[in-house]
Structure formats: structure tokens, C-alpha cells
Amino acid sequence: MTTTLIKDYEFSTIIGMLDFERTTPQKVRVNASFTSNGFIDYVQVIDFIENFYNEQKFLSVEESVEETSKALKQKFANLCTLNFEILKTEIIKNALVGAKIESIF
């Protein structure tokens, strides 16, 4: 089975609990890999992820990976496995922080 990869996709979104995180978009980086029972267009996956984050405005990275995993499976029914990671790139100097989920559907 082939694994599709998305590496280092960056966009800005509202994510976090602190006051400034609720009003100022911050840059995040997404890494994902997935397998499926059929073709899934990675461009559609990328667009879905960015739009989903911008609609949800998550309070935590942990909540965001859980909800995004569920939403991706709902949107792309033939998804079999998903490894999904989101990293905040600017919140801490000299470090990337975030969360990762590994899902088997």
C-alpha cells in the first residue's frame, strides 16, 4: 500500500488559549501521511485542513488534531490510516511545539 505525504505545509490561523492567540493569526506547519482504499487528491486534503482550521479557531493543538482527524475521515471516506501533526512555528523562540495523532480507521 502506498502512503501519501504532505510535509511542511504552512498557513496562518487562530489557534491557542492566550488572549493574543485568539485575535492574531499565527503561522502553523502541517505534516501528514495517509493511506487509502482509493485515490485521494492531496491538494483537496490541504485545502480542507486549512479551511477547517480557519473555521474552527481551536483552543488547543491537541483538540485540533483529534477533530481534524475525525473530519478528514468524514470528508474522505476511503481513508484507512492517518498520521497528522500540527506545529506552532513562532510561539516559542528556537522551538516548534504542537501535537500529533495517529489514526487507524
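1. Let me start with V45. Beyond its neighbours within four places in sequence, V45 is in contact (heavy atoms within 4.5 Å) with I6, F34, I40, L72 and F76.

2. Before going further, a word on what we are looking at. This is a predicted model, where local features need pLDDT of at least 70 and side-chain atom pairs count only at pLDDT 80 or more, while totals for chains, interfaces and linings use all residues. Residues are numbered from 1 along each chain as its sequence is written, and side-chain values use heavy atoms, with hydrogens and water left out.

3. Back to V45 and its surroundings. The largest nonpolar core has 26 residues, and V45, I49, Y53, L72 and F84 are those with the most contacts inside it. By nonpolar core I mean a set of buried Ala, Val, Leu, Ile, Met, Phe, Trp, Tyr and Cys residues joined through side-chain atoms within 4.5 Å; buried is under 20% relative accessible area, exposed over 50%, partly exposed in between (1.4 Å probe, protein chains only).

4. Which elements give two or more residues to this core? They are β1 (4–13), β2 (26–36), α2 (42–56), α3 (61–75), β3 (79–92) and β4 (95–104). Helix α2 gives the most, with six residues. Helices (H or I, at least four residues) and strands (E, at least two) are DSSP runs, numbered from the N terminus.

5. On to charges. The whole structure holds five salt bridges, each a side-chain nitrogen of Lys or Arg within 4 Å of a carboxyl oxygen of Asp or Glu. One of them joins R29 and E10, at 2.6 Å from N to O. This pair links distant parts of the chain, with R29 in strand β2 and E10 in strand β1, 19 residues apart. E10 is partly exposed, at 32% relative accessible area. There is also a network of salt bridges here, linking E10, K27 and R29.

6. The pair I'd look at next is K88 and E21, whose closest N and O atoms are 2.7 Å apart. It also connects distant parts of the chain: K88 sits in strand β3 and E21 in helix α1 (residues 19–23), 67 residues apart. Buried or exposed? K88 is buried, with a relative accessible area of 10%, and E21 is buried too, at 4%.

7. K70 and E67 form a salt bridge with closest N and O atoms 3.5 Å apart; both lie in helix α3, three residues apart, about one turn of the helix. K70 is exposed, at 52% relative accessible area, whereas E67 is partly exposed, at 31%.
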